[in-house]
Amino acid sequence: MRVANVRDKHGGAEHRRLARIANQHSRQAVFDHVRALWNEGRNVREIVRQTGFDRRTVAKWIRADALPERAPKTTCPRHFEDYLSRRWSEGYVRGRRLFQEIKARGYTGSFSRVLTKDSLEGR
């Protein structure tokens, strides 16, 4: 049985994980809608007008077979997942130290998101 930590009580990693899943489902639904409109013979301009998505996004989606993965932004610890995983395996688990290390590598998010492995494992 998993013991909830303080961050879970206030939303924390679990909330972010659920929000990412909901966002992914929403993006998938819009992607499917764009593809359906394209398959009906609609042109890019009509699809843009109907969906409100950017022309480049619509053009990219009609060329894709599946919804493209989004790369994590520098505000997200997942952008630094490989680095953080390596540091954890080396025994470095102190949040403040890891925060400073990834900040030097371009992380622009907050310290609170780097405190535990939950920020990565709670996907």
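Tyr107 counts as buried, because its relative accessibility is 2%; buried means under 20% relative accessible area, exposed over 50% and partly exposed in between, with a 1.4 Å probe and protein chains only. Keep in mind that this is a predicted model, in which local features need pLDDT of at least 70, side-chain atom pairs count only at pLDDT 80 or more, and totals for chains, interfaces and linings use all residues. Residues are numbered from 1 along each chain as its sequence is written, and side-chain values use heavy atoms, with hydrogens and water left out.

Let us stay with the aromatic rings for a moment. Rings of Phe, Tyr and Trp (its six-membered ring) pair if their centres lie within 6.5 Å; planes under 30 degrees apart count as stacked, over 60 as edge-to-face and the rest as tilted. By this rule there are four aromatic pairs. Phe53 and Trp61 form a tilted pair, because their planes stand at 45°, with ring centres 5.3 Å apart. Trp61 is buried at 2% relative accessibility, whereas Phe53, at 30%, is partly exposed. Phe99 and Tyr107 have ring centres 6.1 Å apart and planes at 85°, so this pair is edge-to-face. Phe99 is buried too, with a relative accessible area of 8%. Ring pairs also join Phe31, Phe53 and Trp61 into a cluster.

Next, have a look at Arg87. Its charged end sits over the ring of Tyr92, 3.8 Å from the ring centre; for this, NZ of Lys or CZ of Arg must be within 6 Å of the centre and within 35 degrees of the ring normal. Arg87 also touches Glu101, as does Tyr83, leaving aside residues up to four places away in sequence; contact means heavy atoms within 4.5 Å. Glu101 belongs to helix H6 (residues 95–104) and is buried at 12% relative accessibility.

Helices here are DSSP runs (H or I, at least four residues), as are strands (E, at least two), numbered from the N terminus. The chain has seven helices and zero strands. Helix H3 spans residues 44–51, and at its start a side-chain oxygen of Asn43 comes within 3.1 Å of the backbone nitrogen of Arg45. After H3 comes Gly52, with a positive phi near 85°.

Finally, step back to the whole chain. Of its 123 residues, 30% count as buried. Among contacts between residues at least 6 apart in sequence, 54% join residues at least 24 apart.

Terms used. Polar contact = N/O pair within 3.5 Å; in protein donor to acceptor, adjacent residues only side chain to side chain.
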